Amino acid sequence: MSAPVATEPKPAPPAVETLKVKVDGLEIAVPKTMPDPLTGKPVPTTMIQACTLARTDVPHYCYHPKLPVAGNCRMCLVEFGTPAMGPDRKPVLNPDGTPKIAKSPRPAIACATPISPGMEIYTTTPGVKAMREGVLEFLLINHPLDCPICDQAGECKLQEYSVDYGQATSRFVEPKVHKPKQVDLGPRIVLDDERCILCTRCIRFTKDIAGDDALGIVNRGSYNTLSAYPGKAFDNNYTLNTVDLCPVGALTSKDFRFQMRVWFLKETKSVCTSCATGCNIVIGAREEKVYRYEPRENDAVNSSWMCDSGRLNYKWIGAENRLTEIRRQNPGAGGEKITWTTAAKEIADRLLAAKPGTVAIVASARQTNEELFLLSQLAKKLNALTDSVPRIQIGDKLLLSADRNPNSNGAKLTGIAPAQLGSNLRKIAEGIGKGTIKTLLVFGEDVTRHGIGADLLAKLDTLVASEILPNQTTKLAHYVLPGCAHAEKRGTFTNGKGRVQKFMKAVEPRGDARPEGEFLHELVAAVNGNPGFTSIEGLFNWMAREIPAFNGLTWGGLGDTGVTIVLPS
Amino acid sequence: MAFSVPANLEAEITELISHYPQKRSASLMILHAVQEHFGWISQEAVEWIAARLELQPINVYELVTFYPMFRREPAGKHVVKVCRTLSCALGGSHELHGHVCQKLGLDAHAHGLQTTADGKFSVEFVECLASCGTAPVMMCNEDFHQAVTAAKADEILGKCA
Ligand code: SF4
Ligand code: SF4
Ligand code: FES
Ligand code: FES
């Protein structure tokens, strides 16, 4: 019964020839070539990659594993030696038979120097330390040293390396070169040019990854200034990745600027919900308030990037008008606050009293696999007609999917939605119109905007609406259930390519809101008589046994970056 | 007013581009040609060149701002260049530059090309003019002057009509 579970859609790369190098005395075998970050073609392995494999940290600014190498900051200078060759082109040996190493009289930048067989890399010598100190001192001569008001403080490479290699006092007595401050670089970014260390990461990202050759360095020497073309806004849907990439506080997000000191943020692993790509993210929150999303590396999904529209789509979580009460309503004539227990009991009673085939469910493809699965269990028992709402817009070539639902595949795999999302909505509307459908459960959608208008809703005996923010449907519902944002619960989504990814809870739900899965668990137990699980782990594992495409998956086995399943064609 | 390039300059640029396997390699030569023709390189010119070379304007703008000999504003009628590099600096070129600026009412400490309000003179403090043995050296338009004293500078400026 179990379909094969593929962790990675790609075949394993062919075995690469290795060669041996020593990093600070530790001998390791490293691949002779590594894939180029842009083309994927094999290119010679560099010293910094060998050091990373040897778990040796080499300080660096301009180098980034996902960008083309620039080699401009010089922070990664190391010393090295290679096996000495005699006039006969044979290796010269030490008396003990080991190869004699000829130490290079000059250092090399580890980020751009290929390794060679027998090479020895030294990262802890007094010379290397002196070079790091020297490079850092030069990088700081014109720097404004305004850490107390800098957004990058706490996650700044200048600060970190200054702790390791900085001078206690400045020897620079000359006047500093002043550069533009608070440059409005684009709709989402403010640039402080005095903090920029000219590493060109942002330039390379926007040119080579985002495909928008928008940034450059103007002027010369100590007047070098990072800039967009005068009068042209830096505005593509990926600009905020440059804020993450900037090793210092030069590029800042207008949204996050001066909002919170980063060291107060609690970081939670999560997934973006704004399209079917499901970029992996870290949610930064403090005292139950979400302050930012940042991309989290997952090479099977989003590399190290995310789009600006997804990144900034979090304000609704903290919206003032969130639904916070469980309500029983008599539409048009007010209502009252009730408890979850009462709601579960009354709704279960109504469902059990309903004639099979008279119940319909509209669930959102923004809900988790587990919630959709529980709803599918109800649907099975009640012989309910079900569907979700499609959200198709225009995608791009990098990450953004045309499908703006995070879990259309989950909706299909659990059987809640037909192959063509939304194709049952009309049938549901017709059923209500004809009076054959008397009960409607709506989860996370405003059906009045999708063909089931207020006039139809008024005909229902029972309308249950579980929602996060109020809308027309919740207004007309007999029962309103306050729902949770993904940031307030745990669960999984199945992305557009079939990657099942889990997300963790970052903040507490608002008011009486509680994870939909918990309430649905009680409802399913009351209607089907079989609880089936006691925790999100148990629920997931139960679902994985029941849904063929998920067979073999476990909550724990998903790890932090998910597992790709084979989607039924 | 839309930026336009006369036919002969257009032909020269087409010719320049043909010299290189990649269009963008012609950038510097085109910038020289454009400055030669107009006397300076406007933002419209930068955009025109970028479009011609299938580049983004920022790529051309980087070059224009990197090389001090490219002007982003029109220069005065007479352009004075004083050498600031080592031999001339030792030979008193900073004093000479200061003197010239003071005489013309310009700020000697400002960065880049400085032009008098009446548009008659521009002064630039430039790198080596390749006559290091006869420091300090100064150029006035296309004329070269060696071992320039303050008095000699006054005389040179005085001859400019
Ligand atoms: S703004 Fe930041 S990323 Fe861009 S060049 Fe400057 S330091 Fe590097
Ligand atoms: S590409 Fe999609 S999943 Fe990724 S950040 Fe954007 S909206 Fe979110
Ligand atoms: S990291 Fe190697 S030169 Fe910048
Ligand atoms: S130093 Fe002035 S001409 Fe060379």
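A salt bridge is a side-chain nitrogen of Lys or Arg within 4 Å of a carboxyl oxygen of Asp or Glu. By that criterion, the count between chain B and chain A is zero salt bridges. The structure is a predicted model, in which local features need pLDDT of at least 70, side-chain atom pairs count only at pLDDT 80 or more, and totals for chains, interfaces and linings use all residues. Residues are numbered from 1 along each chain as its sequence is written, chains are lettered from A and ligands numbered from 1 in the order in which they are written, and side-chain values use heavy atoms, with hydrogens and water left out.

The interface comes next. In chain B, 14 residues are in contact (heavy atoms within 4.5 Å) with 14 residues of chain A. Between them the chains bury about 1,300 Å², 56% of it on carbon and sulfur atoms; buried area is the accessible area (1.4 Å probe) that two parts lose on being put together, summed over both. Between chain B and chain A there are eight residue pairs in polar contact, both residues being at pLDDT 80 or more. A polar contact is a pair of N or O atoms within 3.5 Å; within protein, one must be able to donate a hydrogen and the other to accept it, and residues adjacent in sequence count only if both atoms are side-chain atoms. On the side of chain B that touches chain A, H4(B) gives the most, with seven residues. Helices (H or I, at least four residues) and strands (E, at least two) are DSSP runs, numbered from the N terminus.

On a 1 Å grid over the protein atoms alone, a cavity is a set of points where a 1.4 Å probe fits but cannot get out, and a pocket is an open set with protein on both sides within 12 Å along at least five of seven lines; lining residues have an atom within 4 Å of a point. Grid points are joined across faces, edges and corners, and a volume is the space filled by probe spheres set on the points.

The second largest pocket holds about 1,200 Å³ of space. Its lining has 32 residues, and Pro68(B), Arg84(B), His111(B), Gly112(B) and Phe125(B) lie nearest its centre. S3(B) gives the most to this lining, with four residues.

The whole structure has four cavities of 30 Å³ or more. The largest cavity has about 100 Å³ of space, and of its 17 lining residues Cys196(A), Cys199(A), Thr200(A), Cys202(A) and Cys246(A) are the closest to its centre.
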